[in-house]
Amino acid sequence: MKNTAIFFCSLVLASCASTSTSTRAEADDFDIDEAIEYCNSQVHRSIRNLCTDSTDYSMIPRNIQGTDTMWACRKATPDEWCSGFWPGVLWYDYELTGDTLVREQARRYTGALEYLADRPIFDHDLGFLMLCSYGNGYRITADQRYKEVLLASADSLATLFNPAVGTMLSWPRNVEMFGGHNTIMDNMINLEVLFWASKNGGDHSLYDMAVKHAETTMNNHFRPDGTCFHVAVYDPADGHFIKGVTHQGYSDSSTWARGQAWAVYGYTMVYRETHDKRFLDFACKVTDAYLKRLPDDMVPYWDFDDPAIPEAPRDASAAGVVASALLELQEYVDEDKSEEYRHAAIEMLASLNSDAYRSGEKRCSFLDHSTGHHPAGSEIDASIIYADYYYLEALVRLKKLDEGHGALASL
């Protein structure tokens with residue numbers, strides 16, 4: 001594809017596809033090469049819409065809502081937690097296609113985030129910001145500057161760790177609101193930066209912090225059936241567990257779908273990094289709790305306990321997160337469980353790749369029907385950048401498995 005000004009500046013309109021989400025797509029019908037080609041074409045449509053001679057690469061795609069046809073972008077700031085996902089999409093697309101135009105865009109958007117690593121820590125989301133952008137960039141290019149930024153990010157994240165509690169503080173700004181040291185399930189994903197840094201020039205204490213966070217979360221953040229609270233609140237002085245509550249779910253006693261998805265993904269990654277069977281067994285427990293509550297098309301409602309089901313909105317982002325995680329988890333379990341998890345992952349991808357969830361010609365995103373923050377009325381039934389990111393990551397992992405390689409480890 002030619003890297004020309006005409007290519008960068010031409011506009012393509014896209015809007016939300018309105019289709020039914022009730023039909024189960026069969027795994028046997030899933031064509032991974034066609035799905036990858038579709039994603040690459042959507043990436044190029046996005047680039048054409050986003051790029052001009054005066055593009056501000058710190059303005060990064062976040063969502064497409066309602067009848068909008070193009071990405072709404074937000075400034076890459078410490079409190080904009082989604083800024084790393086678009087650079088990550090670009091890196092994954094480049095990895096799959098070798099498209100040098102996409103690689104150049106990945107570098108530019110990634111570079112816009114560098115300053116975040118040197119600022120005082122805002123919250124745990126620095127892990128998302130840097131894992132997806134600099135993490136994938138370093139894995140693919142071995143750029144030493146990317147490594148330096150990742151190491152600095154890990155050191156910043158470590159300042160959130162409270163030894164009395166045994167976890168990282170997720171939202172320093174919300175301590176008073178929750179009544180204590182708050183740790184959200186999303187934080188499990190950010191442990192990967194600590195694990196990586198401990199193996200790549202950082203202090204070994206980063207590994208110990210990550211393991212302790214995973215242990216403490218495993219012991220306090222879950223109900224007996226393997227479902228999780230969104231937020232665990234601890235006494236910051238003596239570390240005792242105070243309560244489990246929600247922030248983005250339906251209620252304190254409900255199971256928010258994306259929170260459960262973070263648990264599946266997080267404990268799979270922790271097992272990879274530690275080889276501790278406790279974490280593998282727990283990853284399977286939280287995975288099975290998720291899988292048994294799915295609707296027929298394998299894409300969850302935004303909260304498994306919303307009384308409005310089946311009229312409640314779906315969350316395609318949770319399906320992408322879990323599909324990606326399952327393609328890794330299936331490598332660590334016995335043969336029967338492996339077949340179950342792999343088949344479930346491909347069924348999820350087949351559903352997401354169907355007309356029911358594809359954005360298609362009407363939008364330049366990959367997927368429709370994600371839910372961001374339902375209680376706040378934010379990003380409901382929308383295209384959201386992290387849904388596209390984890391969907392494409394799952395395609396990368398499946399492609400590698402089909403080629404006889406191991407599933408991708410993010411860093």
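This is a predicted model: local features need pLDDT of at least 70, side-chain atom pairs count only at pLDDT 80 or more; totals for chains, interfaces and linings use all residues.

Reader: Ok, the core. Which residues touch the most other members of the largest nonpolar core?

Author: Those are Phe 85, Trp 86, Leu 191, Met 348, Tyr 390 and Leu 395, out of 135 residues in that core. Helix 14, residues 385-402, gives the most to this core, with twelve residues.

Reader: And what does Phe 85 touch, leaving out residues up to four places away in sequence?

Author: Phe 85 touches Phe 128, Cys 132, Ile 385, Tyr 386, Tyr 389 and Tyr 390. There's also a second, separate core of six residues, and Trp 171, Ile 184, Val 231 and Val 233 are among them.

Reader: Why would nonpolar side chains be buried together?

Author: As a general rule, that's what they tend to do in soluble globular proteins.

Reader: Switching topic: how many cavities of 30 Å³ or more are there?

Author: Two. The largest cavity holds about 80 Å³ of space.

Reader: What lines the largest cavity?

Author: Its lining is made of Pro 78, Leu 116, Arg 119, Pro 120, Ile 121, Phe 122, Asp 123, Asp 125, Leu 126 and Leu 129.

Reader: How does that lining split by class?

Author: The lining of the largest cavity has seven nonpolar residues and three charged ones, with no polar residues.

Reader: Now the backbone. Where's the cis peptide bond you'd point me to?

Author: Go from Ile 309 to Pro 310: that peptide bond is cis, with omega near 15 degrees. Pro 310 sits in the loop between helix 11 (277-291) and helix 12 (316-329).

Reader: What's up with phi at His 275?

Author: Phi there is near 60 degrees, which is a positive value in a residue other than glycine. You'll find His 275 in the loop between helix 10 (257-274) and helix 11.

Reader: Is His 275 buried or exposed?

Author: His 275 is exposed, because its relative accessible area is 62% and exposed means over 50%.

Reader: And what about phi at Met 298?

Author: Met 298 has a positive phi too, near 70 degrees, and it isn't glycine either. Met 298 lies in the loop between helix 11 and helix 12.

Reader: Buried or exposed, for Met 298?

Author: Met 298 counts as buried, because its relative accessibility is 8% and the cut-off for buried is under 20%.

Key
Residues are numbered from 1 along each chain as its sequence is written. Side-chain values use heavy atoms; hydrogens and water are left out. On a 1 Å grid over the protein atoms alone, a cavity is a set of points where a 1.4 Å probe fits but cannot get out, and a pocket is an open set with protein on both sides within 12 Å along at least five of seven lines; lining residues have an atom within 4 Å of a point. Grid points are joined across faces, edges and corners, and a volume is the space filled by probe spheres set on the points. Ala, Val, Leu, Ile, Met, Phe, Trp, Tyr, Cys and Pro count as nonpolar, Asp, Glu, Lys and Arg as charged, and the others, Gly among them, as polar. Helices (H or I, at least four residues) and strands (E, at least two) are DSSP runs, numbered from the N terminus. Buried means under 20% relative accessible area, exposed over 50%, partly exposed in between (1.4 Å probe, protein chains only). A nonpolar core is a set of buried Ala, Val, Leu, Ile, Met, Phe, Trp, Tyr and Cys residues joined through side-chain atoms within 4.5 Å. Contact means heavy atoms within 4.5 Å.
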